[in-house]
Structure formats: structure tokens, C-alpha cells
Amino acid sequence: MIIFAVFNLKPGVSVEEYEAWARETDLPTANSLKSIDSFRVYRSTSVLGSDEKPPFGYIEVLDVNDMEQFAADAQSEIMQEVASTFQGMVDVTFVMTEELVA
């Protein structure tokens, strides 16, 4: 299961503050979970073929290998702290996906 989190920083949260937290806490913590094969964070830079600003400042990509384990991991004390800090910094939408195959 691939989950995309698309988000913008809340007013008053600086890029530097969020990105330092993401590098020091969010990325290493999420990537240490048994249920996560890969967790990556991307900063949006542009809209292809346009001068418009991207609708979201950041995109997280979570490659989850076991949704039941992910639910259990999300309930851990450390992940509750990470999630609380994250929710305080961003306005986020989590998008669950299903891959189309030929």
C-alpha cells in the first residue's frame, strides 16, 4: 500500500523549522517502523509547464508493507508524539492508493 500525504505548512511554521524536524525526527522514526518499507518526504518546487505555485508544499510517500502492523505502529508512544507534532505543523490530506496493473 502506498499512502501519499499532501500538505502545506500552517501559518507561523517556517520551512526551516519543519524541514529540520522532518530530517531529525520524522524521517528516521517512520523509516524505523516494521510496517514501513520506505518513507520519503519531497518539497514541491514547481508545476510542470506552468508558472503557477504547486497546490501543496510537500508530499510524503509511505510504502506500507502491512496495514495491520502500520495501525499498531501508529499507536506507539513515539508515533503518537510524531503525529501530534506533525498535525501541529501542517494541514494534511492522506491519500490511500491502489495500483493499477496491466
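In what order do the four strands of the open sheet stand? The order is β2-β3-β1-β4, and the pairing is antiparallel. The model on screen is predicted: local features need pLDDT of at least 70, side-chain atom pairs count only at pLDDT 80 or more, and totals for chains, interfaces and linings use all residues. Residues are numbered from 1 along each chain as its sequence is written, and side-chain values use heavy atoms, with hydrogens and water left out.

**Stop 1: the sheet**

Select the four strands. Strands here are DSSP runs of E with at least two residues, helices are runs of H or I with at least four, and both are numbered from the N terminus. Two strands count as paired if DSSP finds at least two bridges between them. Strands of a sheet pair through backbone hydrogen bonds, either parallel or antiparallel.

Look at the edges of the sheet, where β2 and β4 (90-96) stand. Each of these has a single partner strand, so one side of each is left without a neighbour in the sheet. From one strand to the next the twist averages 15°; for such angles, axes are lines fitted to C-alpha atoms, for helices over the stretch in contact, and the angles run from 0 to 180 degrees between N-to-C directions.

**Stop 2: from strand to strand**

Colour β3 next. Five of its seven residues are buried, which leaves β3 mostly covered. Buried means under 20% relative accessible area, exposed means over 50%, and partly exposed lies in between, with a 1.4 Å probe and protein chains only.

β2 is joined to β3 by seven bridges, and the two run antiparallel. Strand β1 (residues 2-9) also runs antiparallel to β3, with six bridges.

Now move to Ile3. Its opposite residue in β3 is Leu62, while its bridge partner in β4 is Met96. β1 and β4 pair in the antiparallel sense over seven bridges.

**Stop 3: the aromatic rings**

Show the side chains of Phe7, Tyr18, Trp21, Tyr58, Phe86 and Phe94, which ring pairs link into a cluster. The structure holds seven aromatic pairs. Rings of Phe, Tyr and Trp (its six-membered ring) pair if their centres lie within 6.5 Å; planes under 30 degrees apart count as stacked, over 60 as edge-to-face and the rest as tilted.

Zoom in on Trp21 and Phe86, a stacked pair with 6.3 Å from centre to centre and 20° between the planes. This pair links distant parts of the chain, with Trp21 in helix α1 and Phe86 in helix α3, 65 residues apart. Trp21 counts as buried because its relative accessibility is 12%. Phe86 has a relative accessible area of 6%, so Phe86 is buried too.

Phe86 also pairs with Phe94, and this pair is tilted: 6.4 Å centre to centre and 50° between the planes. Phe94 has a relative accessible area of 44% and is therefore partly exposed.

**Stop 4: the largest pocket**

A pocket is found on a 1 Å grid over the protein atoms alone, as an open set of points where a 1.4 Å probe fits, with protein on both sides within 12 Å along at least five of seven lines; lining residues have an atom within 4 Å of a point. The largest pocket has a volume of about 320 Å³, where volume is the space filled by probe spheres set on the points, with grid points joined across faces, edges and corners.

Colour the lining by type: 13 residues are nonpolar, three polar and three charged. Ala, Val, Leu, Ile, Met, Phe, Trp, Tyr, Cys and Pro count as nonpolar, Asp, Glu, Lys and Arg as charged, and the others, Gly among them, as polar.

**Stop 5: two distances**

Select Ala72 in helix α2. Ala72 and Ser35 are 37 residues apart in sequence and 8.9 Å apart in space, C-alpha to C-alpha.

End at Glu52, in the loop between β2 and β3. Glu52 counts as exposed because its relative accessibility is 60%. From Glu52 to Val101 is 49 residues in sequence and 32 Å in space, C-alpha to C-alpha.
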